[in-house]
Amino acid sequence: QMAVSLPKSSLEFSDPEYWKKFFAIHRSPFEWYGDYESLGAVLEKYLKPVDDILQLGCGNSRLASELHDVGYRNILSIDTNAAVITEQTARNRERKALKFEVKSATETGLEPEAMNVVLDKGTLDALLPPGDEGAEQLVKEMFEEVTRVLSPAGRYLIVTLAQEHIVRAWIRHFLPTNQFILRIHKIDNSASGFPMPVFVFVATKMKMRMPMPMPMEFCRAGNDKPVRLSNAEGVLECINSEQYLSRFVHLCAKPLTSEASIVLSSADGNPRYKMYIVDDAVAQLRNFSVFVVPIGRDGDWLFATEKGRRSLRVQCKKDRLAIVTLFRECTYESLDQIRDELAAFVLRLNPVKSARGATDRVEFLSLGDHDVKKTVATGESEMNGRWSVEDVLIKDKEYRRLVFLSSQNLVQSEAAFKEGKKKGQKVISFDTLACEHHDVMLLSFVLLKDCPLVRPDTVSLKVAVLGLGGGLLAGFLVKNLPKAQVTGVELDPQVVKIATDHFSFPSSDPRMEVRVMDAMDYLKEIAAGDASKKQDVIMVDLASSMSEEGLSCPPPVFLSEEALVAMRGALTDDGILALNLVTRDEDVSKAAKEKVGKHFATLAVVSSEEDVNEVLIAAKSETDNFDTKKLMRSMDKSRPWIKRCIENIDKLMMV
């Protein structure tokens, strides 16, 4: 059977084209709205056995029969189709209390205020296709007739799929009357294979008009506590998110060939959890667990990248793993609270059934607590938004991180601690680099004619680091290359202060120059300057949010013709460029290499073992003749960071 693909966001449920495709595929409407087993819990909140109930457009629905069989007797069902009325009468001949009549929903012939309840299961959806002005007038007349026949405190219940135009029409008519309390219930539809939820719209008629509209309320499935909403946009946002949620569950009914993710919101609509579903590509999923990533570890490669999450699933030995990350803006009391909040939803994602066909309980995994960070400092930068400096313990080793909270908790910099001179003292270590791609960038030295990996204490060179972050790469170069002149270029002055205050960045060292400016302007300035300003190595480690071009590092402008010309011009004749490239698009990666290759005589690539980082190392002059093995033999192996370079040399692939 065909299936409608999952929209990229909940807002796409407001697109008429989505619904057009949906209705073209799903042609069995009588199962769409659920049976009494699905609807009963909500309907019974608003029905009393003594109520006089009018069902509009009954069709061949069994709703009246089901209501009768659980104790409701005074039910009049109407439809304009005489054939279905005859069929319903014959089917319910044993249910003497039920009445079926050929009547129109716009002209029932009933006395004013004769009914306590008016029921509509799918009739409004059928009468009001989008963009039909004639249908809009018909529905307006139906709403007016419902208002006329409802008694004070009477309830008008509509079972609907809640397309946008349906929602707007309902609100537009009843809210301005100031005489109805409007509430929406979401129903978990149990109809087999049906991917969409249904909703029950409830309009309760007050005895008199109020001086102002009453607030609208939204109740999620299984939650009696309503959310108050003031306008149609808020209602639609709640409905769209629930529709997206149900489609996500439907999508996950079978093994996924690629990762799927969804954001789960709290009752007030604010994001609370992000969940990634990672499956083994097997015909049958035999086990399932949920892994809760603690705050403070959310930026780790293992949890923050698709490749890492696939690796985590294998390590956990699960066919399906739901990986849950938390939002730092939210408050979480404990892992038990998180487990309780997620339990109902993850049960719907569990592919494992017991012998009786029931869903098994779901195992929750974690690293011990829901928050493992120690916050050292927080603040907000005008350029980069909110930030946090955090200490995190990973496998008995403590790290300090700079995290930009406005960029999906992106770890901008990471440093390891080492023991200080005083007992128990911890200081930032510049002996090694904590970020893998920084280690790889040091391979740019391999292509220099006078390689500092051989004689690190004696080689003089000029290195520019574009994108300072916590200042760890630039600080490392100052510490480990005593003859180097290092320039750190950073656009955000707040980042320079964070690096100095919290990451021991040597901003006052005479060999460390800090330029607070746009990196593009810096490149143009050096390229246009005299030879004494040219750099032997330029390391580009500039990050941004994922762009339309599919790049998150560097910003696309730094792969433009103008930028690459400036990079080449800012280097000495034998200079080297090291550029951190991050993209999930192979075509974008290929295009980036081609652009860099046009401007440099030699190009090599080192791919990161961790997700999508690639470091492009480009030489201004030809370097085909260097002897890697000879160079490795001559390197200073007494230094751990140079030993790491030797280990990485085999990853250096010429393009």
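Where is P554 found? I looked it up and found P554 in the loop between β24 (551-553) and α17 (561-569). I take helices (H or I, at least four residues) and strands (E, at least two) as DSSP runs, numbered from the N terminus. A cis peptide bond joins C553 to P554, with omega at about -15°.

**Ground rules**

I am reading a predicted model, in which local features need pLDDT of at least 70, side-chain atom pairs count only at pLDDT 80 or more, and totals for chains, interfaces and linings use all residues. Residues are numbered from 1 along each chain as its sequence is written, and side-chain values use heavy atoms, with hydrogens and water left out.

**Overview**

I noted 20 helices and 28 strands in the protein. The protein has 655 residues, and 53% of them count as buried. For burial I use relative accessible area: buried is under 20%, exposed is over 50%, and partly exposed is in between (1.4 Å probe, protein chains only). The protein exposes about 30700 Å², and carbon and sulfur atoms supply 50% of that area. These areas come from the Shrake-Rupley method with a 1.4 Å probe; for residues, only the protein chains shown count as cover.

I then checked contacts, meaning heavy atoms within 4.5 Å. Of the contacts with a separation of 6 or more, 66% are between residues 24 or more positions apart.

**Backbone entries**

I looked for positive phi in residues other than glycine. A153 has phi near 70°. A153 sits in strand β5 (residues 150-160) and is partly exposed, at 41% relative accessible area. K395 has phi near 50°, also positive in a residue other than glycine. I place K395 in the loop between β16 (385-394) and β17 (397-404). K395 is exposed, with a relative accessible area of 81%.

Next I turned to P493. P493 belongs to helix α15 (residues 493-502) and is partly exposed at 49% relative accessibility. Leaving out residues up to four places away in sequence, P493 touches M383 and V516. The C-alpha atoms of P493 and E382 are 9.7 Å apart, although 111 residues separate the two along the chain.

**Salt bridges**

Side chains of opposite charge can pair when their charged atoms come close. I count a salt bridge when a side-chain nitrogen of Lys or Arg is within 4 Å of a carboxyl oxygen of Asp or Glu. The structure holds 40 of them.

I opened E87 and R91 and found a salt bridge, with the closest N and O atoms 3.0 Å apart. Both residues are in helix α5 (residues 82-91), four residues apart, so about one helical turn separates them. E87 is partly exposed at 39% relative accessibility, and R91 is partly exposed at 25%.

K140 and E144 also meet in a salt bridge, at 2.7 Å from N to O. They lie four residues apart in helix α7 (residues 133-149), about one turn of the helix. K140 is partly exposed at 39% relative accessible area, and E144 is partly exposed at 38%.

How far apart in sequence are the parts that D431 and K418 tie together? I first noted their salt bridge, at 3.2 Å from N to O. D431 lies in the loop between β19 (426-428) and α13 (436-441), and K418 lies in strand β18 (residues 410-419), so the pair ties together parts 13 residues apart in sequence. D431 is partly exposed at 29% relative accessibility, and K418 is partly exposed at 32%. I also logged one network, in which salt bridges that share partners join R297, D300, R401 and E414.

**Aromatic rings**

I paired rings of Phe, Tyr and Trp (its six-membered ring) if their centres lie within 6.5 Å; planes under 30 degrees apart count as stacked, over 60 as edge-to-face and the rest as tilted. That gives nine aromatic pairs. F143, Y156, F174 and F180 form one aromatic cluster.

I then looked for charges over rings, with NZ of Lys or CZ of Arg within 6 Å of the ring centre and within 35 degrees of the ring normal. R309 lies over the face of Y276, 3.6 Å from the ring centre. K426 lies over the face of F417, 5.2 Å from the ring centre.

**Cysteines**

I searched for disulfides, taken as pairs of cysteine sulfur atoms within 2.5 Å. The count is zero. For the sulfur of C451, the closest cysteine sulfur is in C645, at 8.3 Å, too far for a bond. C451 is buried at 5% relative accessible area. C316 is buried, at 19%.
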